[in-house]
Amino acid sequence: MKLITFTFKTASIISLLYLCFGASANTTNDDFFGANSRWSLDLSTRAIHNLENNNTAFVHVVGLDLHNVLSVGQRDVATITFQPYIVKLNNHKTYSSVFDHGNDTELTWRIANVNYTGFSQGQFNVRLGHFEIPFGLEYHVDTNGTLRQLTTSDRGIKADWGLSVNGITPIVEYEVALTRGSGNSFKNTGDPYIFSGRIGTPTHKNLIGGFSWFTGDVLHGKEVVERKKLGVDVSYYYYQWQFMMESSVGETAGNDTANVFIEALWKTNNEEISSYLQFGYQRNEINHQVSDESHSTGYWKAGIQWVSHQGYDISAQYKNKFKESSIIDIDPVLGVQLRYRM
Amino acid sequence: MKIILNTLILFMFIELLYSPSVNAAFCSLRDPISAIQTLYQNGYTFRSLVSTISEQDRMAVKQQLPFTIHQSEVNRHTLYILYKDEQHAGFLQARSEWAKWGLVEIAWAMNIDRSIRGFYYQRCRSPQCNDNVVENINEVLKNKTFSQLKSFLSENGNALSPLGESSFKVAPGLALLTLRSALKTLAITDISWKQDIEQLTAENKGIE
């Protein structure tokens, strides 16, 4: 009943927004948020079925995606990205620290920042706000709101509040960030922080490589966890194929960790359908204070996504383990998502 | 109250069927910084002019060419205005073209008179899109106007003309794709940014 009420209320709010602002940024009110603005409403619903305990959980999302470029005189000086999303959980047994319980509704921030580009128009910019931690493949692959995810779970945080310097030169793309370490909310409990960065080759090429680092105290719930990582990533594009690899070593709470991620992705020539296969492997020291014993675990994921030019996006993904560990349990999970951007 | 809200929802969905959409989140939008740095090099500044390419604009391209832009391109797009020494010095626009292996994204640098200054593959997943091929095609296209470019194309627009065949000896298939993109870019720039270009021309005349 609560779900129906939530869906109804959400749809009503969207209807009103829609009537106020027009069907989309492409119709009558193009310049509502500024002359160079683009905006879109983003709706999605996701079902996640755990085949081990036979539990089905849902995530319903409604968000605004706003992008604007500010110009002064003869130059662009800043890019604004603003993405507040309302997320409603339903029947979740485990959930991120953003939520109070498995049926909670929260305002979350995907990306919300200003990137000041006025110094040298692209070569040296300063970003302030909430943005993706610059590390590995996530730096140049957009996985916001998609079932397909890459290596965020290795670090336990996807986006954070803070400051970065970033830029593109003919030979190097870089971003170096100092952030709060608290993720969605700006919290100083335990004085968390993250210093991270990625330096890589130009991302428009068919062969891309990068070196990343991540060090800091990350806030998880009410505790901070010390995390350190060094990583390398490689991507190669060949016609309709995309191959990606990321490998990292480091420490979590003093215990040694090592991660490897590999993905092969194929798209149809009209790029409406893509399918992928991912493998992830991690080795963790159990307790460095007791012994140097470690355990390892691995998973694989297979996914398919259909994206229409009309804004619909239907995707499905299956995850299962290929290597068991006595400490980390990976349950087989099937996910299905319906998304619409207007 | 419920009836009103239900009516609003129904209205929204009917309207949505006719409205264009965008799939990619805007956080994935990137300025063509590498293209600008390569095609204009140092001493230039740029500003963005975002405009809506409408279905009417798409049809207007069809009046000038035997083909037009893809329906998914009816949306908001950016034209970059380049300046040097405080004067308008050119344009840059990135456009997508469908190849048999997927999307090719090409950044086009245009002179003030909308002749081609050069191009840059922002995304081309074929190993054929290498520096040597780019240089060869660029050499032919450089400083060509819309009508000169059209002469490289067959009447139905699906092949190179005899002149085109003799001009593009290296990678003719890729050259055809690039040529079609050039023509669409020049046409849509003049159509969708008409008022902005007129204003820029007037400003430049004022400076002179």
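This is a predicted model: local features need pLDDT of at least 70, side-chain atom pairs count only at pLDDT 80 or more; totals for chains, interfaces and linings use all residues.

Mentor: A salt bridge is a side-chain nitrogen of Lys or Arg within 4 Å of a carboxyl oxygen of Asp or Glu. Residues are numbered from 1 along each chain as its sequence is written, chains are lettered from A and ligands numbered from 1 in the order in which they are written, and side-chain values use heavy atoms, without hydrogens and water.

Over all chains there are 21 salt bridges. In one of them, B:Glu73 meets B:Arg95 at 2.6 Å, N to O. This pair links distant parts of the chain, 22 residues apart: B:Glu73 is in the loop between helix H3 (55-64) and strand S2 (76-84) of chain B, and B:Arg95 is in strand S3 (87-99). Helices (H or I, at least four residues) and strands (E, at least two) are DSSP runs, numbered from the N terminus. B:Glu73 counts as buried, at 9% relative accessibility, and B:Arg95 is buried at 3%. Buried means under 20% relative accessible area, exposed over 50%, and partly exposed in between (1.4 Å probe, protein chains only).

In chain A, A:Glu138 and A:Lys158 meet at 3.4 Å, N to O. A:Glu138 is buried at 3%, whereas A:Lys158 is partly exposed at 22%. A:Lys321 and A:Asp329 form another salt bridge, at 3.7 Å, N to O; A:Lys321 is partly exposed at 23% and A:Asp329 exposed at 58%. Finally, salt bridges link A:Asp42, A:Asp65, A:Arg110, A:Arg339 and A:Arg341 in a network.
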